[in-house]
Amino acid sequence: MYSISREMVIHWKKGLLFALCTLSYVECFAPDEIPDEWMLLHVVQGQIGAGNYSYLRLNHEGRIILEMKSLKGDADIYVSASSLNPNFDEYELQSTTCGLDTVVVPDHFNRPVGIGIYGHPSYLESEFEIKVYYDRTIQEDPFADASYDPELLEASRKPQKQAPQDAPQEEESMLRTILIGILKIVLEILF
């Protein structure tokens with residue numbers, strides 16, 4: 001029978017924690033390609049002190065993508081359609097990752113939308129850059145199925161091919177989810 005020494009457990013813990021940190025680092029800082037349908041509206045740069053908020057308002061209609069990169073420290077983003085001063089207790093959307101935070105503001109949110117930028121207390125000061133994109137993709141009409149058009153009905157019955165470029169992203173996401181699940185199980189066993 002094998003025995004596991006305390007040093008071996010500590011070694012495995014450090015290795016697994018390093019692997020988890022590496023996965024989150026890759027996920028946060030992976031370069032994303034901006035789709036052609038997205039139009040850059042604004043670029044906002046700012047600084048925020050530890051534990052403080054900075055507030056912005058979004059007045060643009062439509063589906064808006066907020067992409068915030070922490071240039072220094074760690075800034076998090078909170079978005080609300082009901083409050084102009086969202087925080088970590090009052091928000092509808094949020095992103096609190098280690099580097100690149102992305103929030104998609106749906107077109108049905110009432111304007112103005114409140115945006116709160118929070119400076120994580122782990123850093124004395126955080127610097128950030130927010131890129132605001134307008135998604136020009138035509139959204140499907142949710143009531144289109146309620147009307148009857150024989151030509152559209154026939155066209156919808158024909159099988160449609162899925163774009164082959166979507167498959168690798170789905171596989172990568174599934175692989176990442178499985179790998180993180182396995183690492184969590186191993187960590188639970190060791191701890």
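Predicted model: local features only at pLDDT ≥ 70, side-chain atom pairs only at ≥ 80, totals over all residues.

Me: Why is Tyr133 called buried?

Reply: Its relative accessibility is 6%. Buried means under 20%, so Tyr133 counts as buried.

Me: And what makes Trp38 and Tyr133 a tilted aromatic pair?

Reply: Their ring centres are 5.5 Å apart and the planes are at 40 degrees. Rings pair if their centres lie within 6.5 Å, and planes under 30 degrees count as stacked, over 60 as edge-to-face and the rest as tilted. The 40 degrees of Trp38 and Tyr133 therefore makes the pair tilted. Trp38 sits in strand β1 and Tyr133 in strand β8, 95 residues apart.

Me: How do you know that Tyr53 and Tyr118 form a tilted pair?

Reply: Those rings are 4.9 Å centre to centre, with 40 degrees between the planes. That is within 6.5 Å and falls between the 30 and 60 degree cut-offs, so the pair is tilted. Tyr53 is in strand β2 and Tyr118 in strand β7, so the pair ties together parts 65 residues apart in sequence.

Me: Are Tyr53 and Tyr118 buried or partly exposed?

Reply: Tyr118 has a relative accessible area of 11%, so it is buried. Tyr53 has 23%, so it is partly exposed, given that buried means under 20% and exposed over 50%.

Me: Why is Met174 called partly exposed?

Reply: Met174 has 49% relative accessibility, and exposed means over 50%, so Met174 counts as partly exposed.

Note on methods
Residues numbered from 1 in each chain as written. Heavy atoms only, no water. Buried < 20%, exposed > 50% of the residue type's maximum accessible area, 1.4 Å probe, protein only. Phe/Tyr/Trp six-rings, centres within 6.5 Å; stacked < 30°, edge-to-face > 60°. Helix = DSSP H or I, 4+ residues; strand = E, 2+ residues; numbered from the N terminus.
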